[in-house]
Each structure stands twice: as structure tokens, then as C-alpha cells.
Amino acid sequence: MKKQYDVLIVGSGAAGLYAAIQFPPQVEVLLLSKRELTLSNSSLAQGGVAAVLDLQNDAYALHVQDTLTAGKSKNNVQAVEVLVQEGPGDVLRLKEIGVDFDREADGTLQKTLEAGHSRHRIVHHKDSTGKAIVDTLLAEVKRHPNVTICENTLLYSLEKREGGFVAGLLMPDGSSRLTSARFCLLATGGIGRVYQYTTNSAIATGDGITLAHRLGAKIRHLSWIQFHPTAFAAENDRERFLISEAVRGEGAVLLNCDGERFAEKYDPRGELAPRDVVSNAIILESRFKHSEKFYLDITHKGAAFVKNRFPMIYENCLKEKIDITTQWIPVFPCQHYLMGGIDVDLYARTSIDRLYAAGECSHTGVHGANRLASNSLLEALVFSRRAAEDILKRLQEDPSADIGEFPDSEDLSGAPLPHGHRTEIRRLIQDCHFVIPEPDKVPESLQRIREILDDLETGGYEVNRDFVEARSLATVAAIILEEVMEEHDAE
Ligand SMILES: Cc1cc2nc3c(=O)[nH]c(=O)nc-3n(C[C@H](O)[C@H](O)[C@H](O)COP(=O)(O)OP(=O)(O)OC[C@H]3O[C@@H](n4cnc5c(N)ncnc54)[C@H](O)[C@@H]3O)c2cc1C
């Protein structure tokens with residue numbers, strides 16, 4: 001590892017990888033992944049990427065309108081227009097570099113429908129689109145010798161200097177290493193692990209948001225959380241397997257504990273209403289029926305179709321002893337996506353000079369109060385590319401760099417972290433800020449989370465992965481609840 005890079009990219013999901021391939025050979029890039037390279041929310045994406053690729057049957061204006069409708073018109077319209085108009089180019093770039101999107105018999109890309117979309121516009125690779133994208137992007141990044149990839153390397157600190165940043169890295173052997181970069185792109189993903197039950201990968205602890213917050217960057221709408229209505233209702237697992245929207249898009253119906261359809265009772269769009277509407281319907285129905293047992297039924301579509309269209313979901317459910325071609329799938333809502341994040345402009349610039357953010361850790365405003373299905377991979381692609389373009393322009397305008405002196409490493413030793421902080425934070429957040437929030441519980445929960453955060457900040461604990469992630473979860477939880485309190489007080 002070098003003492004200085006031009007660009008530090010934190011994250012090897014869709015946003016980080018796609019940014020990395022934008023830089024020409026003379027730009028030295030360091031790309032970090034705190035765990036294995038493929039462990040990310042991007043790798044878990046099933047449904048696909050939304051893009052207007054067929055202007056005879058679709059239109060940009062329709063995709064913009066669908067995005068605004070899902071987002072309750074709280075979106076940044078300019079950002080939505082950038083997303084919708086530039087997104088198709090990025091999807092075609094993925095196809096060019098080898099992402100094997102499913103095709104029709106005539107060779108054109110197959111496009112499916114998902115909830116909230118008025119047209120068939122979701123391109124996909126079976127039901128493992130994210131993995132196909134990440135694997136292809138990773139192979140492409142590895143063809144760029146100017147990109148140094150560090151796996152199992154966690155960014156634990158970020159110090160701002162006039163000419164860039166000094167970054168504290170926790171190396172795979174637990175030691176510290178300091179390096180620097182003139183620009184930094186945070187592509188660190190979401191915050192799902194602040195909840196008891198989530199579809200998110202283990203990396204989703206909000207580290208980038210926390211480090212940006214510590215630098216004084218503006219954070220917005222962290223309490224705008226999307227709950228997915230149909231996660232597999234496993235008894236004990238914290239990470240819940242997603243039963244993609246596309247399953248409902250292909251005709252699966254939602255049933256209550258008595259085997260009755262109910263979604264249309266709460267919204268005329270029924271099972272294909274946006275996610276928040278369907279999640280709300282399930283929670284209201286569970287209160288009405290006094291039962292949390294819900295099911296998705298796709299048995300009427302035929303075994304051959306289901307196994308071919310949803311091979312991963314079929315296999316995963318089979319592992320849980322459910323054959324979805326003949327049995328109903330038990331489902332319940334859980335945390336899925338963060339609409340808010342580190343506030344950025346149309347070039348993914350944060351409020352801190354030289355600091356950029358893209359993908360799920362960022363808030364571009366494209367999603368408004370609720371994300372339209374399959375718009376997030378698109379957002380990760382469009383805005384990480386725009387970040388890279390802006391960084392490149394600035395590097396060309398000002399090729400000199402002066403970060404100043406800094407040591408090679410620092411002492412990370414300290415007291416062992418007490419058990420239980422993370423579990424307590426998850427329980428508190430799950431309890432007061434789920435599908436139908438419980439504002440009355442917020443003040444007490446926030447007070448306790450602040451106590452935990454204070455202990456983490458002042459306890460002199462060893463800086464290791466557990467500590468950094470606990471600090472991130474406590475920071476994120478505090479920001480969420482502070483926002484909820486402010487909104488509640490303003491009403
Ligand atoms: C189950 C599931 C299904 C989904 N399906 C779809 C879909 O069909 N379509 C769609 O558009 N969206 C979907 N999404 C959402 C979408 O996948 C994500 O929003 C998007 O992939 C996020 O990409 P990202 O690059 O921002 O973050 P991620 O892909 O989560 O990557 C984050 C990266 O940051 C790294 N990182 C984090 N903290 C640190 C640190 N401190 N130091 C070093 N590295 C760090 C991680 O190691 C990881 O490499 C789905 C999400 C889930 C969970």
C-alpha cells in the first residue's frame with residue numbers, strides 16, 4: 001500500500017466498483033472492502049435494474065412520474081431526471097462489459113414489471129441480478145492496474161486535510177495503517193444492521209455515514225427507511241431472505257393467516273402497490289387478525305416457470321423446507337433500504353470539500369420518501385459515475401497535492417468492548433421505528449442510545465471491527481431518532 005493515492009473509494013458494491021472503472025490509468029485509486037469483496041447489499045439484489053430502454057413502449061416521463069409517485073413527491077426532481085435520462089446509458093455499459101442480462105428470443109433485453117412501475121422496464125439476470133453485476137464489475141476492475149484493491153480492510157477514521165484526507169485503515173491482521181488520498185468517495189452502503197430484522201448484508205452498519213457525520217457532513221432523512229413487505233419469515237435469522245417484488249410482479253398473491261387475499265382492502269393496487277403501502281397493509285391486517293402469519297402464493301404459475309424465473313428464491317426456500325411450486329411462502333415485512341444518507345448534490349459532492357458519497361449511503365433525493373423498486377442499483381451506477389467524472393475533472397484542473405505529514409500507523413489498543421450494546425440498539429430501533437412508528441417510545445430510546453454512544457466514545461475501547469461497527473450503529477440510531485423527534489415536535 002502506498003502513502004498517497006489520488007482517490008480513495010470505500011466500498012466494493014455496485015457504487016464503488018462502477019466508480020473505480022471510470023478512472024484512466026494515470027489516476028491511482030485505492031478501493032476498500034471491509035469484508036470479502038462480494039459481501040454487500042449489491043450482491044444480494046435480486047429483481048433487477050429499472051431503465052427506460054424501449055422508447056416505443058416506455059418514456060422517460062413515465063419513469064420519472066412512477067419514481068415521484070412512489071416517493072410521495074418528496075423527491076429531488078432534478079436528481080430524478082438525471083437518474084432516468086442517464087441511467088439507460090449506464091445499464092447498456094454494464095451489458096457491454098459483460099453483465100449477462102436475460103434476453104428475449106429475438107436477443108433484446110427482457111424487461112419485467114415490478115410494483116409501482118407503469119411499464120415493463122426492469123432488466124435482470126434471473127433472480128440474482130446483483131451478483132451478476134458485482135461479479136462482472138469486479139472482473140473489470142481487476143483489469144485496471146491503477147486500482148489497488150484491499151479486501152478485509154476497514155476504514156475506521158477519516159481526517160480532513162486541506163489537500164485531501166488521511167485515512168485510518170484496520171488491516172486484515174487487526175493492525176493499523178494510515179494512508180492518504182486527495183479525494184474520497186464513500187460507497188459504504190446502508191444501515192440495515194441497526195434493525196433486529198433486515199434483508200441487508202452484514203456490512204450494512206452505516207460506517208460511511210458515521211465517518212461523514214464525524215467530519216461535519218450534512219446528513220439528511222436518515223429516518224426514511226423502506227421496509228420490504230415480503231421477506232421470508234424465518235424464525236431466528238437476523239438477515240432475512242428477500243422474496244423479490246418480481247414474484248408479485250409475475251402474479252403471486254398475498255394471503256393472510258386464513259388464506260384470504262387482503263391487499264386490495266387497503267389499496268386498489270393490491271399486491272402491486274408500492275412497498276410502503278403493502279407493508280402497511282400487512283401490519284394493519286396483522287392487527288385486524290391478531291396474527292403475524294402471512295403468505296405469498298405463486299403455486300398457480302406452474303413449477304417449470306417458477307423454477308426457471310426464480311431459481312435462487314426456489315432453492316433458498318427449499319433449504320427452509322418450503323417448495324414454492326406447491327406451498328405458500330411465509331413472509332413478513334422487515335428493514336430493507338435507506339432512502340436518506342449523506343447529503344449530496346447532482347455530482348455526488350457532499351458538504352465537505354473533496355468528499356463524495358454514492359449508492360445507498362448517500363442522499364441524492366431521487367427516492368423521496370419511498371424508493372421505487374429497482375431504482376437503487378440505477379442510482380448507485382449513475383451517481384458513482386458522476387462522482388468519478390467530477391473528481392477526474394478536479395484532478396486535471398489541479399494536479400498538485402499537499403496532504404502534509406502523518407505517521408504510518410497508530411495505536412489501536414484499549415479495553416475490551418462490553419457485550420450487548422449492539423443487541424440493545426437493534427431492539428430499541430425495531431421497537432420504535434418500524435413500519436408503523438411509535439413516536440411515544442422515541443425519547444426514552446434516544447436517551448439510552450446516547451448513553452451507549454457516550455460510553456463508546458469515552459470508554460477507551462480497543463479499535464477493532466466490533467467497536468467501529470457498534471459506534472456506527474449507535475451514531476446512526478441516534479441520528480434517526482433525533483430526526484423523528486424533530487419531525488414530531490414540528491407537527
Ligand atoms: C436483498 C436485497 C435485494 C435488493 N434488490 C434490489 C434490486 O433488485 N434492485 C435494486 O435496484 N436494488 C436492490 N436492492 C438495493 C441495492 O442492492 C442496494 O441499495 C445497492 O446495491 C447498494 O449498493 P452500494 O454500492 O451503495 O452498497 P453495497 O453494495 O452494500 O456495498 C457497500 C460496500 O461498502 C463496504 N464498506 C462498508 N463500510 C466499510 C468500511 N468501514 N470500510 C471499508 N469498506 C466498507 C462494504 O464492505 C461493501 O463492499 C436490494 C437490496 C437487498 C438487501
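I take a nonpolar core to be a set of buried Ala, Val, Leu, Ile, Met, Phe, Trp, Tyr and Cys residues joined through side-chain atoms within 4.5 Å, where buried means under 20% relative accessible area with a 1.4 Å probe and protein chains only. The model is predicted, so I note that local features need pLDDT of at least 70 and side-chain atom pairs count only at pLDDT 80 or more, while totals for chains, interfaces and linings use all residues. Residues are numbered from 1 along each chain as its sequence is written, and side-chain values use heavy atoms, with hydrogens and water left out.

Core entry. I looked up the largest nonpolar core and found 93 residues, of which L8, L155, L186, V194, I243, I342 and I480 touch the most other members. Its largest share, twelve residues, comes from helix α15 (465–490), helices being DSSP runs of H or I with at least four residues and strands runs of E with at least two, numbered from the N terminus. Leaving out residues up to four places away in sequence, I480 touches I191, V194, L222, S223, I225 and H433, contact meaning heavy atoms within 4.5 Å.

Sheet entry. I then traced an open sheet of four strands in the order β10-β13-β12-β11, with antiparallel pairing, where two strands pair if DSSP finds at least two bridges between them. Because β10 (225–232) and β11 (253–255) stand at the edges with a single partner strand each, one side of each is left without a neighbour in the sheet. Three bridges join β11 to the antiparallel strand β12 (residues 294–297), and L254 stands opposite L296 in β12.

Key:
Buried means under 20% relative accessible area, exposed over 50%, partly exposed in between (1.4 Å probe, protein chains only).
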